[in-house]
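Here is a quick tour of the model on your screen. Keep the viewer open and follow along, section by section.

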Amino acid sequence: MYDVIIIGAGPGGIFSAYEFATKRPDLKIAIFETGSPLEQRKCPIDGKMVKSCIRCKTCAIMSGFGGAGAFSDGKYNITNDFGGTLHEYIGKEKALELMEYVDKINTENGGENTKLYSTAGSQFKKICMQNRLTLLDASVRHLGTDINYVVLENLYRKISGNKNIQFFFNTPVRFLEVIESGYRVHYGDAFQDCKKCIISVGRSGSKWMEKICDDLDIHTKSNRVDIGVRVELPAVIFSHLTDQLYESKILYRTKKFEDRVRTFCMNPNGIVVNENTNGIVTVNGHSFEGEEMKTENTNFALLVSKHFSEPFEDSNGYGESIAMLSNMLGGGVIVQRFGDLERGRRSNKKRLEESTVRPTLQATPGDLSLVLPKRILDGIIEMIYALDKIAPGTANDDTLLYGVEVKFYNMEVELDENLETKHKGLYVIGDGSGVTHSLSHASASGVYVAQKIMDEI
Ligand SMILES: Cc1cc2nc3c(=O)[nH]c(=O)nc-3n(C[C@H](O)[C@H](O)[C@H](O)COP(=O)(O)OP(=O)(O)OC[C@H]3O[C@@H](n4cnc5c(N)ncnc54)[C@H](O)[C@@H]3O)c2cc1C
């Protein structure tokens, strides 16, 4: 009988485990993870033999120690303005306090020389306001993909150094059973029992999470999906913003429909990457802290949120269908020059080769207007012109748009202020709960629940 079983070793699960390992090393803990240990996570795309996603059964980018965040840019945003709604459950002050605590752990474990950026006092707030744009408040610790990896290695060493903590890698949990003394966690043909169970399965575990909620009669509600493109342009065009803020979260309200379009996940001097969610290839971005890994481009997403009302509930299914269209037409991600989109023609190899912006992701030149719904595309085009006013050059013909970028959100699981389900001792944290959508919020939720459990045991 374990005291606690954690399902999923992404940031949520890791920060719970770290809290137990450092504060209550006497507790017997097991961590189940579908993917591999950090050093064994390897995406087969090498640019030579394997050029694009081959849809592995377990995606090495999304699964394994470190979760979806392991090869991410490691941007820990300390804010209640975006990244999740943790503050609605635990209060704004507590949420910020925990995000700062997570930042302290990261800087004590390899991130000490990384920079903390802040929007406080930035002159860009006014410039944005003058152009129908809103700059959201945040502090952001940019670890970078390389330092993020080092921090994860150090956290793993500390957690696994505790003899009472056992990792089960390459071991997806099949289902959970409520038993008298707690929970029975089934995997392969075996099971383990625990008093308390923390589920932290992230986005890759969204379908599994829905099934568990069905099995255990836990109420869920449908969430939103964000759809858009990843923009790539020369880094100098955004350097005045990225040098000061690193990542700027900017909102735009469209003139035509009053829809909200926002920037998301800005990667100065970064690269555009494929992302595989449940076999569907979408686009994302990274950047590195080390100078030698930097590119001459900056990338960021422009996303439009879609919320659905009755009778439609499958917001993720809607996003998947749009992503599937790009996969159908382009065999994966499609790339298009902004100038070609504006002229109503597809991009092709020749036009891309003549372009001044060198793509950092090998994607299929095509036509995004055949993929994205008109209203979404109109909003994105409007925002590109609005951004052009604060960062002239954004609306250049050679700016590249990759599609589609989809942010899938998990169904929101019904939880109380302890992030506990209606079953006592069963907690759901991180992106799998639908409450968080970011490294900092997911990690903070992990610390929070570990502390709640330690208060009880
Ligand atoms: C390319 C990329 C870049 C990103 N960049 C940033 C960024 O810079 N800043 C930011 O804030 N956010 C970023 N994100 C989002 C961030 O990674 C997530 O918000 C964060 O990882 C969520 O943490 P989590 O622990 O809730 O879930 P995850 O990190 O998704 O981890 C869940 C883990 O659970 C495992 N799992 C799932 N089902 C099971 C099961 N049945 N049994 C056992 N294990 C299971 C999975 O294999 C996975 O390892 C990025 C995401 C991607 C993909």
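## Helix α1

Let's begin with who is buried in α1: Pro11, Gly12, Gly13, Ile14, Phe15, Ser16, Ala17, Tyr18, Glu19, Phe20 and Ala21. Buried here means that 20 or more other C-beta atoms lie within 10 Å of the residue's own; exposed means 12 or fewer, partly exposed is in between, and the C-beta atoms are placed from the backbone. As for labels, helices (H or I, at least four residues) and strands (E, at least two) are DSSP runs, numbered from the N terminus.

Helix α1 covers residues 11-23, and at 1.5 Å a residue its 13 residues should span 18 Å; the end C-alpha atoms are 18 Å apart, which agrees. The expected span is 1.5 Å times one less than the number of residues.

## Ground rules and overall build

This is a predicted model: local features need pLDDT of at least 70 and side-chain atom pairs count only at pLDDT 80 or more, while totals for chains, interfaces and linings use all residues. Residues are numbered from 1 along each chain as its sequence is written.

The protein's secondary structure comes to twelve helices and 22 strands. Its C-alpha trace spans about 65 × 45 × 45 Å along the principal axes, and 52% of the 457 residues count as buried. For a compact globule with 457 residues you'd expect a radius of gyration near 23 Å; the protein has 22 Å, which agrees. That radius is taken over C-alpha atoms, and the globule rule is 2.2 Å times the number of residues to the power 0.38.

## Around the ligand

Which residues come nearest to the ligand? Of the 42 residues around the ligand, the nearest are Gly8, Gly10, Gly67, Gly202 and Gly430. The elements that give two or more residues to this shell are α1, β3 (75-78) and α12 (439-456). To be near, a residue needs its C-beta atom, placed from the backbone, within 6 Å of the molecule or strand in question.

By class, the shell has 24 polar, twelve nonpolar and six charged residues. Ala, Val, Leu, Ile, Met, Phe, Trp, Tyr, Cys and Pro count as nonpolar, Asp, Glu, Lys and Arg as charged, and the others, Gly among them, as polar.

## The three-stranded sheet

β3 turns up again in an open sheet of three strands, ordered β3-β6-β4 with antiparallel pairing. β3 and β4 stand at the edges, each with a single partner strand, so one side of each is left without a neighbour in the sheet. Neighbouring strands of this sheet are turned by 20° against each other on average, direction ignored. Axes are lines fitted to C-alpha atoms, for helices over the stretch in contact, and angles run from 0 to 180 degrees between N-to-C directions.

Two strands pair if DSSP finds at least two bridges between them. β3 and β6 (residues 139-142) pair over four bridges, and four bridges also join β4 (residues 115-118) to β6. Ser139 in β6 is the bridge partner of Ile78 and also stands opposite Ser118. Val140 in β6 is the bridge partner of Tyr117.

## The eight-stranded sheet

Another open sheet has eight strands, in the order β5-β13-β14-β17-β12-β20-β18-β19, with mixed pairing. Its edge strands are β5 (133-135) and β19 (364-365), each pairing on one side only. Within it, β14 (residues 260-267) and β17 pair in the antiparallel sense over five bridges, and Asn267 stands opposite Asn299 in β17.

Have a look at Gly403 and Val404: a cis peptide bond joins them, with omega about 0°. Val404 lies in strand β20 (residues 400-408).

Arg132 has a positive phi of about 60° although it is not a glycine. Arg132 sits in the loop between α4 (124-129) and β5, and with 15 C-beta neighbours inside 10 Å it counts as partly exposed. Asn170 also has a positive phi, near 50°. Asn170 is found in the loop between β7 (165-168) and β8 (173-179) and is partly exposed, with 14 other C-beta atoms within 10 Å.
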